[in-house]
Amino acid sequence: MLSGPEPVLVRAPNPGVMTLEGTNTWVLPAPGGAVVIDPGPADPVHVAALERRGPVAAVLLTHRHADHSEALEVLAADAPVHAVSPQFARNPLRDGADPLRDGAGPLRDGAGPLRDDEVLVIGGARLRVLLTPGHTEDSACFLYENAPGGPLLFTGDTLLGGRSASSISRIDGSLTQYLDSLERLAGRIGVRGLPGHGPEIMDVAEHARGALEHRRARLSELAARLEAGGSPDAEEIARQRHPDRPEVWAPAAWMVRHELAHLARSIADGAPPLGRRSRRDGEDPSPSGTPIGECDRRATPSTVPLAEERPVRGR
Ligand SMILES: [Zn+2]
């Protein structure tokens with residue numbers, strides 16, 4: 001397949017603690033209308049900047065959060081939306097429409113939620129869906145396979161650019177799922193990442209391994225504390241981790257609660273506490289079937305720093 005369009009970054013003017021320099025909206029310009037990945041906040045300046053890029057043929061959402069999805073209705077009320085969450089997934093062109101409308105490529109015949117490993121071909125871009133729950137239940141990354149200059153991964157908030165760690169939603173996030181998703185991305189060697197916030201990621205695999213190490217170090221620390229009879233009070237632990245930064249105590253305490261839940265779940269499952277290497281229930285245990293490229297390398301022992309592992313229960 002020929003190379004697709006060069007991605008254009010339109011950064012929203014919503015900088016903040018959680019949004020870093022602002023939300024990154026990625027646009028793939030195409031003659032039949034652009035593909036927009038994460039329309040961003042419904043900020044009039046941001047929406048106007050996107051509208052200057054021309055009509056929208058399709059929207060892809062990396063997850064449900066408002067700083068990524070809010071502009072959807074103002075910007076592209078009539079466009080198909082490809083999302084994991086049924087709250088957003090839709091295809092208003094499905095009924096009686098030409099499925100090859102304006103060269104936008106075959107539309108998915110349903111408006112259903114995205115499935116793992118599904119490939120979308122829109123506006124000359126070939127985009128493979130990687131479900132990466134953790135930050136939220138509905139988080140996904142999109143592998144732009146025919147990007148000019150080599151494959152690119154739209155990472156949403158699963159991997160942020162720069163040195164910031166992703167948060168885990170207190171509503172539907174899961175650290176256990178997030179570690180699985182990071183292991184999956186750690187197999188994407190040599191792929192550049194275009195995140196939902198922050199600068200471009202030079203190597204998705206390396207970045208994901210760094211994030212895994214950070215999470216595992218925290219979990220090791222916490223497991224050792226509990227083993228030594230320390231208090232499991234999340235607020236207290238958050239204060240001890242960040243003694244000089246009261247502004248982060250509340251979110252840090254939520255992270256600790258996710259860590260405690262992960263450790264408890266690992267004990268219940270008999271799984272290694274610092275990240276599961278087994279597949280989730282219902283997944284095909286063999287990597288045969290549709291080739292999914294490097295993503296199955298996630299289970300290689302080289303990505304698992306065994307030396308860091310400590311049992312949570314007594315030896
Ligand atoms: Zn975000």
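Which residues is I168 in contact with, leaving aside its neighbours within four places in sequence? The legends below, which describe a predicted model, begin with the close-up that answers this.

View 1. Leaving aside its neighbours within four places in sequence, I168 is in contact with G134, H135, G173, S174, L175, Y178, M255 and H258.

**View 2. The loop position of G150, between β8 (140-144) and β9 (152-156).** Inside 10 Å of G150 there are 12 C-beta neighbours, so this glycine counts as exposed. Between the C-alpha atoms of G150 and V191 the separation is 7.5 Å, while along the chain the two residues are 41 residues apart.

**View 3. The open sheet of five strands in the order β1-β2-β3-β4-β5.** The pairing in this sheet is mixed. Its edges are taken by β1 (8-11) and β5 (81-82), each of which has a single partner strand, so that one side of each is left without a neighbour in the sheet. The pairing of β1 with strand β2 (residues 24-28) is antiparallel and extends over four bridges; within this pair, V10 stands opposite T25 in β2.

**View 4. The open sheet of five strands in the order β6-β7-β8-β9-β10.** Here, too, the pairing is mixed, and the edge strands, β6 (119-122) and β10 (192-195), each pair on one side only. From one strand to the next, the twist averages 25°. Strand β7 (residues 125-131) runs antiparallel to β6 and is joined to it by four bridges, and the bridge partner that L120 has in β7 is L127.

**View 5. The crossing of helix α5 (residues 204-227) and helix α7 (residues 249-269).** The axes of the two helices come within 10 Å and cross at roughly 75°, an angle that makes α5 roughly perpendicular to α7. On the α5 side the contact is made by R218, L219, L222 and A223, and on the α7 side by E259, H262 and L263. Sorted by class, the residues of this contact are four nonpolar, one polar and two charged.

View 6. When neighbours within four places in sequence are left aside, V36 is in contact with T25, V27, L50, V56, V59 and A76.

**View 7. The chain as a whole, for orientation.** The secondary structure comes to seven helices and ten strands, and of the 315 residues of the chain, 43% count as buried. Of the contacts in the chain with a separation of 6 or more, 59% are accounted for by residues 24 or more positions apart.

Terms used
Residues are numbered from 1 along each chain as its sequence is written. This is a predicted model: local features need pLDDT of at least 70, side-chain atom pairs count only at pLDDT 80 or more; totals for chains, interfaces and linings use all residues. Two residues are in contact if their C-beta atoms, placed from the backbone, lie within 7 Å. Two strands pair if DSSP finds at least two bridges between them. Axes are lines fitted to C-alpha atoms, for helices over the stretch in contact, and angles run from 0 to 180 degrees between N-to-C directions. A residue is buried if 20 or more other C-beta atoms lie within 10 Å of its own, exposed if 12 or fewer, and partly exposed in between; C-beta atoms are placed from the backbone. Angles under 35 degrees count as roughly parallel, over 145 as roughly antiparallel, 65 to 115 as roughly perpendicular and the rest as oblique. Ala, Val, Leu, Ile, Met, Phe, Trp, Tyr, Cys and Pro count as nonpolar, Asp, Glu, Lys and Arg as charged, and the others, Gly among them, as polar.
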